[in-house]
Amino acid sequence: MPTVSVKRDLLFEALGQKYTDEEFDELCFEFGLELDEITSEKEILIREQGGEKAEGASDVVLYKIDVPANRYDLLCLEGLVRGLQVFKEKLEAPRYKRVSPADGGEPQRLVITEETASVRPHAVAAVLRNITFTQERYESFIELQEKLHQNICRKRTLVAIGTHDLDTISGPFTYTAKPPGEIRFKPLSQSREYTAAELMSLYKTDSHLRHYLHIIENEPLYPIIYDSNGIVLSMPPIINGDHSKISLNTKNIFIECTATDLTKVNRFTLIITVCLFVCFNTFFILFRVEEAEVVYPDGRLSVYPELAYRTETLSGDFINKRVGINESAESIAQLLTRMCLRSEVSGEGDLIQVEIPPTRADVIHACDIMEDAAIAYGFNNIVRSTPRTYTVANQLPVNKLTELLRQDLTAAGFTEALTFALCSEEDIADKLRKNITETRAVHISNPKTADFQVARTSLLPGLLKTIAANRKMPLPLKLFEISDVVLKDETKDVGARNNRRLCAVYYNKSPGFEVIHGLLDRVMQLLDVKPGRNQGYHIQAAEDSTFFPGRCAEIFSCGKSIGHLGVLHPDVISRFELTMPCSAIDIDIEPFL
Amino acid sequence: MADNGLLESVLRLVEKVDGGTDSQDVAADLGVDHQVIVGAVKSLQALGEVISAEQKSSRHWELTGEGREIAEQGSHEARVFNAIPDEGLPQNQLMKMPSGKVGFSKAMSNKWIRLDKAHEGGPRVFKTVEAIEDTVRDKLQLVQKGQSAKLEDKEKNELKKRKLLSEVTVKSYWITKGSSFSTTITKQETELTPEMIASGSWKEKKFKPYNFEAMGVAPDCGHLHPLMKVRTQFRQIFLEMGFTEMPTNNFIESSFWNFDSLFQPQQHPARDQHDTFFISDPALAHEFPQDYLERVKKVHSEGGYGSQGYKYDWKIEEAQKNLLRTHTTAVSARMLYKLAQQKFTPVKYFSIDRVFRNETLDATHLAEFHQIEGVVADYGLTLGNLMGILHQFFTKLGLKKWVEVGNSGVFRPEMLLPMGLPEGVSVIAWGLSLERYVDTHT
């Protein structure tokens, strides 16, 4: 869930009411939000960087509020205030409107050239007029843009937003792509011009921008937007030009959004522009955005932003049945209206017409409307009831067997270990004196550390690591684990399967083969398998590179090999940084189901 | 252990004195080494409350080996003096004496003797005084008698410098009568033996009291892992509530079942390389229920079942990617799909098993943890039902407040209807992390 950080006093001022922390927490809960933390810039600095750095920092109270991941419309102070005011029925939900230029002039135009096709083929645009910034509104504007970049824009990989002071540039604008060496401009917060190639190396050390470089770094052409005089607006998704930067004095804003995915950018644009408008509607009377035209390489012309309102019709009965309440259609319509979904009873049975605004791109099904009705009704007001679903429980056989064996292994004096299912290649191969290719191991493509290169093919490495971590404990150490290993298996839809294994180790000054052998006998007794060659179990000398030569046996049950037991090879012992002899048993328990 | 004779001698001495005695005095009285008495004190203590002994330490002066020799035979200089006859002694002969070197120079500085270098037949040593007083010896003998207090500190330090005296710390006991003091020794038995039972001799024996303050010996047994014990507890609760266990023994899952079937769009952040472990071998899943896959593709890209869909280009290549499942809900999806392929009967399912997230290990992040999940599918389930069942679940767990423990909700129609479940069927579900629960509630 994204977190929005707002100044408490500003928030209360905008809401026109003061709350205690408890009251505001309660209001958040009712509205489906969570007041995560009450803090201040100073407190945050003290926590993150220590007391010295925090000296002189602001101790204005900040509320950190968790917003559901789908509610982009609540990601800034202004949006949050709007949502809460509507929820409390102090305001009506705004209607957003796209308008033509006021003076009857031509709309701004963004022309996309075909060169963009290989790198970032989509762009849309819009214009905001007659903005009045204050320092706080300016900060909120920038913060919202950043929040959207981090969330819906997927750290700019899907969409990048550029905002420009329209009065410093002149259309029509051209969105094209050029080799990095041919792009040259003065970027934001720099004092001179750089080529795109120079910028990429300059930003390598920039703590913020370096995270976005990979998006276009290896492309032959970089995306770039010019105005009619050849001034660079931005090089999306990395940086804007310095020339058109927004300031406190900016009155008119040109917004461009570029993207790799048309669907996303379309829907996104709706949200971003409208949200920006929501931002400013506290001091704007009109919820208006000026249209802009986008011309595609094939000559097609589209007008943006699309501010599409959609109407869904559903019955009061549907809401009542899904939520488990019994409200009239009128009262449900009122609940929905409080959630910024203007609703009216249609007069036809208990049907309700619900208008979905462009800000609520998350509402894609009647069940989303149902959820909002439930939030507005108050989860705590819904009467709890037990479903009448009658069922008989069954345990999964392999888990039932595992539970029984675990109990008995502890009764036999062995202690249960819980070890990771992921490990390094070395753990299951080199350290066990096996070749990685013979392990049938499943390999992970993107581990962050070498500790998670493969899924384990044996429980033994985990147990040996557990012993190594507990070398100070008095001898003997007797450990076991019954859990899954993962093996490649072509017959499965995903090409791999789990296998439930039992593994136990005995670590002492003497190898204790007889102890581990005795444990096998006990396990077999529990499984009701008697010693014997045919229908019973027996062990027979075997060679296995993990074990000491002549000290390893293969275990057969009903004629089928189920695993090994023996004294570990001294190299295995040393490779796990152990010093004492150790014997082990490793068997597959699935044949006993 | 010291023999009973000695122990009884000690006890007789202790009996004679009021207010107790020092073990060093006891050693002096009995004429034995102090260490022997210390052993005797320990033996007596082991018999119970016969005596009480308090340890103390004292410092005193003691002769060194050389000091003892001097106390017995006289100082080196005195020995040199006494060895010289009236007619004198050749220096080389004197130097051959054991005390020659040291004694010669000391006696010279005391002006007891003189050296005639020019004497005929080589240098010769003569007495210069008639008789001498061997004060060094006298002082050492005082110390030997335990009268070191008669010497001044300066004198003692001088002798210490000559390595004839040393100051030692002696640990001794102050012995007083115990509550069951007696001058005769009755040996206490430590444990009852089969022989005592057979012979009845236990009736006459005294038994050494147990120390009930000590800890017992740990039993020779194994233990279950604490986290797995809690897993068993949760499993039990689900079984008591009539939930059937799902087959979650498949850590490797396809993106299709882990994400797409759950109506998770292909651009969702959870599907990022940073959050999910993808598999390089076997990289792709190769088998899907084809009809169902088409319906999933359609609901994502075009919508349907009353949904707008996500309106993007759904790609099979994304769905095929194998991964380490990020939640057990992937298994719930498989189970619900399977359920939809037969005539619908209501079900309650649960699972508790490992899930994986691509994290770097630290104190608050684990790359794998156990997810606890409960699922109920039936006609007409409501949010009120979900809250009712959660209430029952957490009441069984003994939790009154269950906010923030986990997540719960109703599965979306875009997930259920493509599977083929009947229109009126709702599926409610909840999940929590076993590790997080244990961290915060135990």
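A:Glu193 comes out as partly exposed, at 40% relative accessibility; here buried means under 20% relative accessible area, exposed over 50%, and partly exposed anything in between, with a 1.4 Å probe and protein chains only. A:Arg184, at 46%, is partly exposed too, and A:Arg184 and A:Glu193 form a salt bridge whose closest N and O atoms are 3.4 Å apart. A salt bridge is taken as a side-chain nitrogen of Lys or Arg within 4 Å of a carboxyl oxygen of Asp or Glu. This is a predicted model, in which local features need pLDDT of at least 70 and side-chain atom pairs count only at pLDDT 80 or more, while totals for chains, interfaces and linings use all residues. Residues are numbered from 1 along each chain as its sequence is written, chains are lettered from A and ligands numbered from 1 in the order in which they are written, and side-chain values use heavy atoms, leaving out hydrogens and water.

Over all chains, the salt bridge count reaches 46. In chain B, B:Arg354 and B:Glu368 pair up at 2.7 Å, N to O. B:Arg354 sits in strand β11 (residues 347-356) and B:Glu368 in strand β12 (residues 368-379), so this pair ties together parts 14 residues apart in sequence; strands (E, at least two residues) and helices (H or I, at least four) are DSSP runs numbered from the N terminus. Both B:Arg354 and B:Glu368 are buried.

Then there is the meeting of the two chains. In all, 76 residues of chain A are in contact with 89 residues of chain B, contact being heavy atoms within 4.5 Å. About 6600 Å² is buried between chain A and chain B, with carbon and sulfur atoms giving 54% of that area; buried area is the accessible area (1.4 Å probe) that two parts lose on being put together, summed over both. The interface of chain A and chain B holds 5 salt bridges. B:Arg412 forms a salt bridge with A:Asp368, the closest N and O atoms being 2.7 Å apart. A network of salt bridges also links A:Glu403, A:Arg406, A:Glu416 and B:Arg231.

Back in chain A, A:Arg156 lies in the loop between α5 (135-150) and β7 (159-165). A:Arg156 counts as buried, at 8% relative accessibility. Leaving aside residues up to four places away in sequence, A:Arg156 touches several others, including A:Glu146, A:His208 and A:Tyr212.
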